[in-house]
Amino acid sequence: MSKTVDIHVHHITRVEGHGNIRLRAEDGKVLQCEWQVPEAPRFFEAMVLGRSYEDIQTIVSRICGICSVTHTFAAIKAIEDAMGITVSEQCDKLRMLLHYSEQMESHSLHVGYLVAPDLLGVKSVVPLVASHPEVVKKVIKLHRIGNQWMEAIGGRMTHPVTVKPGGFASLPTEKYLRELKATLTECIPDLKAVAEVVLSLAGKLPAFERPTEYVALVDSPRAYSFYHGGIGTTDSDEIVRPQEFERVANEYVSPQSTAKWCKWHRESYMVGALARFNLNAEQLLPLAAATAKMFGLKKGCCNPYMNNVAQVVELVQVIEHSLQLIDELLTAGIKPELAKSTPREGEGAGAVEAPRGILFHRYAFDKKGNCVKANCCIPTNQNHANIQKDFEALVPQFLGESQDDIRLKMEMLVRAYDPCISCSTHFLNVEFV
Amino acid sequence: MSKPRVAIFDFACCEGCQLQVVNLEEELLDVLSVVTPVEWREAMSEQSEEYDIAIIEGSITRPEDEERVKKIRERAKILIALGACATTGGVNKLKNNFGMDEVRTIVYGKDAAMPHLNTMPTKSVAEVVKVDYMVHGCPINNKEFTYIVRCLVMGKQPVIPNYPVCVECKMRGNVCRYEYGEICLGPVTRAGCNAPCPSAGFWCFGCRGYVDDPNVQAAREVMDKYGKTVEDLKSRLLLFGSKQEHTDE
């Protein structure tokens, strides 16, 4: 019997930004299978030209609302690299602490609000408020803690203002850090409860595996890294300096979709929580390691849907490491060091982990400190080719299922990557069929 | 009055203002008790062509988006512009300081000539269709957002501050950023944010746009007093005020 599958998801929902899915198949033969991105390009690399090094992070933070802290740090690290600015140990630890607030806010939003509806067979989190009130309240609480923490150290919820080249514009008090410690300690049981609910639903994640290359920051053996280190890969032992990120990303235009894609050792690679886990699992702190074990998540996992589970593991890791950082900061005492910097001519790059994967920025400045060159390489761009390759492997495996089931699996796959399509400074505007 | 149907749409932006709506946390549940969301792509899978209130986030940067926002305007009884990209064009207007061919070449290099890279000078939503209410800021102040929604549901006119950020900054007891030798846009920028940036030790960069009648002469005097030039001021004004009235004054 002939069977036609014709799926056209225009502007997939519950993701950040605009993406389309197109699948056509007849009699078990795939005719077209594409992940497309019609997001309006925003031209940030042009927008920063001529602007002062003191205004760069204010502009590029606006590349993305949900990774604004990470974009701020990628820019600040690149600016400091370009101008030879070093920061104190206190500044470094406070930055990591601020960066963790974004991982907390973003991961809890993604798993709790955007992915959970698929696992529970509803279209949004709204019906879950009535059907699963207790767990929804816990997710809201975790999300709120992340946001208030970001506001307290970053000065604003989304688009932080305390982060400047050379240090902080203002510092949190020791009293606040003690309060944060209490809040984070107290939310661990809530996080465990949410993890258990996710575990009870993990069977709904499709059993699909496709070996690929994973790329993430590596700072071993020091730590499970979000902020420090070089660019690591599961395909080689080499650690690439952030200054050479173009050698990793190899951005190119695909004849198939005309959106800029990335590849390194093979035809595509994946970035994000699962990539970080696959490269840094040994460095997880005890509670996070126990959470990974509870889910049976092991190094070498190549099921992209498990990125959601790796995010749950990272929520635990982020809280555990934050508690350590707070203790270290309190033991040393907060010193009243504020940002200082003088501009100089130079070029530099920064690499930081956004919740959805590794992010690279590069800038060059003239001797007045005005920007003369910029390049930003976004995690979702780096995942683009991998999503496409996953589609190509996934669709034949499930082609016997109903059209609705195939569509759901494809949408869930895109969501699993936690894409952030607004970040797409490079994305081309593609009109299809 | 039955619960108004609300649809949220996003154009060129970072979606950080929608995020502030999500960041209402428990209070969002209260908002949902007085309005019915019928379309909100970032948060739900439902879609609808019937709504009373349309909330638009983002700037208009392509001809096809201009058509889309006009269609939304036709269907909506009330249209709200959400955040700086929608209210003034925001950082997206930095692009308008360059030629469109130039920005394409800067970002896409040899691929710049590809036809699907069409972009036009950034427009705010109000430059394309009639906007009934504006929620200013980058990102928005979500307390102001709920205040406006509350007013609409109760049939009242929201009152948005029309005085500069300096007023709120002084009320918070901050030392003026000019005393630190910095360029701050508080004197000409619309209040309503409660001055979070100067309160956190950072200058105001003008994300809420100008007050209706900014005291440009007073701003000049401040520059003179602190040994700064109008060019210094303009360099920062460009971030959120490019190609807007007053920036060139």
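## Domains of chain B

In this predicted model, chain B is divided into domain 1 (5-154) and domain 2 (165-241), with bounds taken from an automatic or database domain assignment. The C-alpha centres of domain 1 of chain B and domain 2 of chain B are 26 Å apart. Across the boundary, 12 residues of domain 1 of chain B are in contact with 9 residues of domain 2 of chain B; two residues are in contact if their C-beta atoms, placed from the backbone, lie within 7 Å. The side of domain 1 of chain B that touches domain 2 of chain B has 4 nonpolar, 7 polar and 1 charged residues. In this classification Ala, Val, Leu, Ile, Met, Phe, Trp, Tyr, Cys and Pro count as nonpolar, Asp, Glu, Lys and Arg as charged, and the others, Gly among them, as polar.

## Numbering and thresholds

Residues are numbered from 1 along each chain as its sequence is written, while chains are lettered from A and ligands numbered from 1 in the order in which they are written. Local features need a pLDDT of at least 70 and side-chain atom pairs count only at pLDDT 80 or more, whereas totals for chains, interfaces and linings use all residues of the predicted model.

## Fold of chain B

Chain B has 10 helices and 5 strands. Helices (H or I, at least four residues) and strands (E, at least two) are DSSP runs, numbered from the N terminus. The radius of gyration of chain B is 19 Å, close to the 18 Å that the globule rule gives for 249 residues, so chain B is as compact as a globular protein of that length. The radius is taken over C-alpha atoms, and the rule is 2.2 Å times the number of residues to the power 0.38.

Along the principal axes, the C-alpha atoms of chain B fill a box of roughly 55 × 50 × 25 Å. Buried residues are 48% of the 249 in chain B. A residue is buried if 20 or more other C-beta atoms lie within 10 Å of its own, exposed if 12 or fewer, and partly exposed in between, with C-beta atoms placed from the backbone. Of the contacts in chain B with a separation of 6 or more, 73% are between residues 24 or more positions apart.

## Fold of chain A

Chain A has 13 helices and 14 strands. A compact globule of 433 residues would have a radius of gyration near 22 Å, and the 21 Å of chain A agrees with this. The C-alpha atoms of chain A fill a box of roughly 75 × 50 × 40 Å along the principal axes. Of the 433 residues in chain A, 56% are buried. Among contacts in chain A between residues at least 6 apart in sequence, 73% join residues at least 24 apart.

Helix H3 (residues 68-83) of chain A has 16 residues, which should span 22 Å at 1.5 Å a residue; its end C-alpha atoms are 22 Å apart, in agreement. The expected span is 1.5 Å times one less than the number of residues. H3(A) is mostly covered, with 14 of its 16 residues buried.

A:Gly155 follows H6(A) and has a positive phi, near 85°.

## Surroundings of A:Glu353

A:Glu353 lies in strand E12 (residues 346-354) of chain A. A:Glu353 is buried, because 29 other C-beta atoms lie within 10 Å. Leaving aside neighbours within four places in sequence, A:Glu353 is in contact with A:Ala216, A:Leu217, A:Phe226, A:Arg276 and A:Ile358. A:Arg276 is 77 residues from A:Glu353 along the chain, and their C-alpha atoms are separated by 8.8 Å.

## Interface between the chains

In the complex, 49 residues of chain A are in contact with 48 residues of chain B. Helices of chain A that each supply at least two residues of the side touching chain B are H1 (44-47), H2 (56-60), H4 (89-119), H5 (126-131) and H6 (133-154). H6(A) gives the largest share of that side, 4 residues. By class, the side of chain A that touches chain B has 20 nonpolar, 19 polar and 10 charged residues.

## Confidence

The predictor gives the complex an ipTM of 0.94 and a pTM of 0.95. Chain A averages a pLDDT of 91, with 94% of the residues scoring at least 70; pLDDT is the predictor's confidence in each residue, from 0 to 100. Over residues 424-433 of chain A the pLDDT is below 50, and this stretch has 47 contacts in the model beyond near neighbours in sequence.

The mean pLDDT of chain B is 91, and 97% of its residues reach 70 or more. Within chain B, confidence is lowest in helix H5 (residues 100-108) of chain B, at a mean of 82, and highest in helix H8 (residues 196-199) of chain B, at 98.
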